[in-house]
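Hello,

Here is the structure I promised to pass on to you. Have a look at it first, and then read my notes below.

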Amino acid sequence: YDKVEWNEYKFGREKMIRKKQDDLNGMQLAGNNSMAEVLLWALILLPPVIAVNGAGVCFIHIGLFAGITFACLFLVKRLRSYRDISGKQISDMGDFLYARYSSFIIKEMFMCVWLILTGMITMGLLSYIGKYLSGATKQHMIVVVCVVSLFCACSMCFISRRIRSTVRNIIYTLMVVMFLVLVIWLFAVNTPAEILDTYGKVHLSGGTSTYLNILYYDGRSIGVPHIISMLGMGLGCLGLPFLFHGAMEARDVRSLDRGRVLSIIYTGIAVVILSVWALLNVVSMYPLKASEDIEMGKLLDIYITSLCYKEEYPLFFRYIAGGLFLCAVICLLERIYTMMFDLLFGMVGYEKKIRSKTLITGIDLMAALFFTGFIAVMSIIIQNNYREILYIAWDYSAAIAAVCILSILWRETSKAGIISGFFTGLAVCTIWRFIPLLENQTLANATELGSGVAAFIISLAVTVIVSMFTHKADEAENKLFEQIKLEQK
């Protein structure tokens, strides 16, 4: 193809896999990116842990909110400004790294790691949905996983991204409203005295006041390293490509600004409501007690069933809530699934060597089916370890967050600094999390400092130090960054 013909082919198709979305409004942008990262924790992983261990776990929610707020305030618009001012063809974070450092190696090493991380998250979520639907429908998990996987593949291939973004946004909003209604419902049918009395009857570790105190975890005072580790979970938002890709998906700068504001608002509201709801499960479950291995769907079902029986309401409310929760989780899975394929097709370049458009589309579809099948098989294999898979993926995303931040914010970040910091972060995360170095304990267990946070700190230091010695002054780059800085005001 000549350049004009190729661009018309690449960006002209409305419903094919490689179509790049660049016309989202502010609301679609917020639901499309920031909520994907928050809901992975706030909707899947954290509620059972909060219900068991108390308000101290909410430091993770605070960290997630802080991470997304930092990205929206300081990173996203700078990334968009770099593309607009430089005039370079940039459609995602990988393109930005290539445009800035003119290094195919840097782009591909980031894309490869992001592909692995989003693949792990997709496997974990698909495994969770498979278990949840298998129990609800009494179908074999293999059947459920295949159906959900096929749905994700078909929606990616045949439904435009704008429609999918709109649907996600509506469902996420309805879900947050639903949890707000559930919180109000519990307070409506129980007086404050009854709620506190129920907390007392459960015999929580340390008592009610300790359980509801954010400075305590499972009845014990939280140390500074533990607090830093929980807050540091927000770093994972800065090491995954969702928010960075969102900078290029906005219709214009005004839509991007609205999306940034709405992302902060959506995130803040979601983490507060879901934190309060999780803490109230102690009241709804009494005389039972939650355990950390309970599934979020089961927790929600018990909560609504308890309220329905108390007020003699019909139990169909639990099916409505369960269906909305399932839709939200599937939308979350579909978003991460699509990102995984965006990264995959951003890495391979066979479309530039093949002249047949039909053949390219066929190869795309075959690749989608092959990787969908692989993810489905792996999700069945790891079904009892999906939480651990998600935790590991998040730690590694935090490990490469420092180089992502510095490449956008600091003009003196050099190619050597990026490469050094990138591999340092991955190595430190691996050693800190998996290798027992202190009395047969890993450094993560011995110090209570998470591997992702430790890797971020050391990677940041290495990137800065190496860049200070290897950066070469570039007048054009200096002017570009000055213009970007002025545009942020």
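Let's start with helix α13, which spans residues 242-249 and is mostly covered: 8 of its 8 residues are buried. If you want to find them in the viewer, they are F242, L243, F244, H245, G246, A247, M248 and E249. Please keep in mind that this is a predicted model.

Next, the aromatic rings. A search through the whole structure turns up 19 aromatic pairs. One of them joins F110 and F422: the ring centres are 4.7 Å apart and the planes meet at 50°, so this pair is tilted. Where do F110 and F422 lie? F110 belongs to helix α6 (residues 104-137) and F422 to helix α20 (residues 415-434), so the pair ties together parts that are 312 residues apart in sequence. Both F110 and F422 are buried.

F422 also pairs with F423, this time edge-to-face, with 5.2 Å from centre to centre and 90° between the planes. F423 has 46%, which lies between 20% and 50%, so F423 counts as partly exposed. Together with F110 and W114, F422 and F423 form one aromatic cluster.

Now for the inside of the protein. The largest nonpolar core has 167 residues, and those with the most contacts inside it are L43, F110, F179 and W277. Helix α16 (residues 316-347) gives the largest share of this core, with 18 residues.

Finally, the surface. I431, F434, I435, L437 and L438 make a nonpolar surface patch of about 420 Å². Helix α20 and strand β3 (436-438) each supply at least two residues of this patch. L437 sits in strand β3. Its relative accessible area is 48%, so L437 is partly exposed.

Best wishes

Notes:
Residues numbered from 1 in each chain as written. Predicted model: local features only at pLDDT ≥ 70, side-chain atom pairs only at ≥ 80, totals over all residues. Heavy atoms only, no water. Buried < 20%, exposed > 50% of the residue type's maximum accessible area, 1.4 Å probe, protein only. Helix = DSSP H or I, 4+ residues; strand = E, 2+ residues; numbered from the N terminus. Phe/Tyr/Trp six-rings, centres within 6.5 Å; stacked < 30°, edge-to-face > 60°. Patch = residues over 30% accessible without salt bridge, like charges linked within 9 Å, V, L, I, M, F, W, Y side chains within 5 Å. Areas by Shrake-Rupley, 256 points an atom, 1.4 Å probe, with all protein chains shown as cover. Salt bridge = Lys/Arg side-chain N within 4 Å of Asp/Glu carboxyl O. Core = buried A, V, L, I, M, F, W, Y, C linked by side-chain atoms within 4.5 Å.
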